[in-house]
Amino acid sequence: MPRGLQLHSFYGAHRPEAGLLDRFAAEVDRLSAGAVQVEVAHGNALSLDDAAALDWLPGGQPAIALLWGVHLQARIPA
């Protein structure tokens with residue numbers, strides 16, 4: 001049974017960065033022979049507040065997130 005992971009991304013699906021994340025997901029699938037599948041949630045499809053990532057990320061949903069430090073600093077400057 002494959003293990004499914006969600007990857008949070010604030011980049012819209014039309015952005016070049018989104019294509020790189022899709023390629024990453026495809027490589028994970030290929031290199032794990034389908035045992036691990038990554039679903040990329042583009043354009044904040046999971047409705048997550050990046051500034052609050054230190055609150056939601058430890059809960060494991062999503063399992064992976066593309067975050068920028070500047071977003072985290074909005075809430076926790078240190």
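Residues are numbered from 1 along each chain as its sequence is written, and side-chain values use heavy atoms, with hydrogens and water left out. The model is predicted, so local features need pLDDT of at least 70 and side-chain atom pairs count only at pLDDT 80 or more, whereas totals for chains, interfaces and linings use all residues.

Ala 33 sits in the loop between helix 1 and strand 2 (helices are DSSP runs of H or I with at least four residues, strands are runs of E with at least two, both numbered from the N terminus), and has a positive phi of about 55° although it is not a glycine. Most residues other than glycine have a negative phi.

Next, select residues 3–8 and 36–41, strands 1 and 2, which pair in the parallel sense over six bridges; pairing requires that DSSP finds at least two bridges between the strands. Within this pair, Leu 5 stands opposite Val 38 of strand 2.

Now move to Ser 9, in the loop between strand 1 and helix 1, which counts as buried because its relative accessibility is 0%. Leaving aside residues up to four places away in sequence, Ser 9 touches Leu 21, Ala 41, His 42, Gly 43, Asn 44 and Leu 66, where contact means heavy atoms within 4.5 Å.

Finish at Gln 61 and Pro 62, joined by a cis peptide bond with omega about 5°.

Notes:
Buried < 20%, exposed > 50% of the residue type's maximum accessible area, 1.4 Å probe, protein only.
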